[in-house]
Amino acid sequence: WDPEPGDEAAGEEDKIIFSVDAGSVTKLTWTCSGDTITMVDAGDGWMYEDDRDFPLDETRLDDMLNALSEITAGKTIENVEDLGEYGLEDPVCAITVTAGKTSELRIGDESGLGGQRYLSLGDGNVYQVDASLLSSFSYGLYDMVQKEAIPSMSSIRSFVVDDGTRSFTIDYHKDSGLAYSRQYTWFAQTENGYQTLDTELTDDFIG
């Protein structure tokens, strides 16, 4: 019997079809957004294989490994002859994970059932799995960058503006007596002392 896409062979539902211990994974490769990305275990953390200095955000990688830790299938289509019928010859996403042995997972078309996609493990069967597996790997290289944290600027009292040709310092002074009105609180340092700045414009700049 050659099942059509969407048909399923009789079998146990929601069975575990793939599992891996995240701590044993030494290499992870995925092609899900055009580029092929490989991360390797460096012993004291993960690194991008092509550039060990790449600032990697390992939280996304942890999410990927967690998604691979246990994959269950609701339906199994056995002894599939044409993987192309399920979008698995040219998969939406291909994942290779090395943990002692190397395993390849291919994610194909939507199955027609809400929130599921076809998956191949190379064993001749096609499985219907939750589409969240694809979501966990839908990242390009620069989605993996560890971004620098910008400090809180809710209480700025002084800052320097430098446009490459000139530099000046702006200070906050409340009730300073430096201006005729107390509504002025921002001042630019000049050679002759302080110059009053428009409060609203300066606040907008800081914002």
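Predicted model: local features only at pLDDT ≥ 70, side-chain atom pairs only at ≥ 80, totals over all residues.
Leaving aside its neighbours within four places in sequence, which residues is Val40 in contact with?

Okay, Val40. On that count, the contacts are Thr26, Lys27, Gly45, Trp46, Met47 and Glu49. Val40 sits in strand 3, residues 36-41. Its relative accessible area is 13%, and the cut-off for buried is under 20%, so Val40 counts as buried. If you want a distance to check on screen, take Thr29: that residue is 11 places from Val40 in sequence, and the two C-alphas are 8.7 Å apart.

Strand 3 pairs with strand 2, residues 27-31, in an antiparallel arrangement with 5 bridges. Across that pairing, Trp30 stands opposite Ile37 in strand 3. The hairpin of strand 2 and strand 3 has 4 residues between the strands, and Gly34 there takes a positive phi near 105°.

Strand 3 also pairs with strand 4, residues 46-48, again antiparallel, over 3 bridges. Here Val40 itself stands opposite Met47 in strand 4. These two strands form a hairpin as well, with 4 residues between them, and the turn residue Gly43 has a positive phi of about 95°.

In soluble globular proteins, nonpolar side chains tend to be buried together. In this model the largest nonpolar core has 34 residues, and the ones with the most contacts inside it are Leu28, Trp30, Met39, Leu68 and Phe137. Helix 1, residues 58-69, gives the most to this core, with 5 residues. Take Leu68: setting aside neighbours within four places in sequence, its contacts include Leu28, Ile95, Leu105 and Phe137.

Last stop, further along the chain. There's an open sheet of 4 strands in the order 10-11-12-13, with antiparallel pairing. Strand 10 (158-162) and strand 13 (193-196) are at the edges with a single partner strand each, so one side of each has no neighbour in the sheet. From one strand to the next, the twist averages 35°.

Within that sheet, strand 12, residues 186-190, pairs with strand 13 over 4 bridges in the antiparallel sense, and Gln189 stands opposite Tyr194 in strand 13. Then there's helix 3, residues 199-206, which lies across strand 10, strand 11 (167-172) and strand 12. Helix 3 runs at about 90° to strand 12.

How values were computed:
Residues numbered from 1 in each chain as written. Heavy atoms only, no water. Pairing = 2+ DSSP bridges. Axes fitted to C-alpha atoms, helices over the stretch in contact; angles between N-to-C directions. Contact = heavy atoms within 4.5 Å. Core = buried A, V, L, I, M, F, W, Y, C linked by side-chain atoms within 4.5 Å. Buried < 20%, exposed > 50% of the residue type's maximum accessible area, 1.4 Å probe, protein only.
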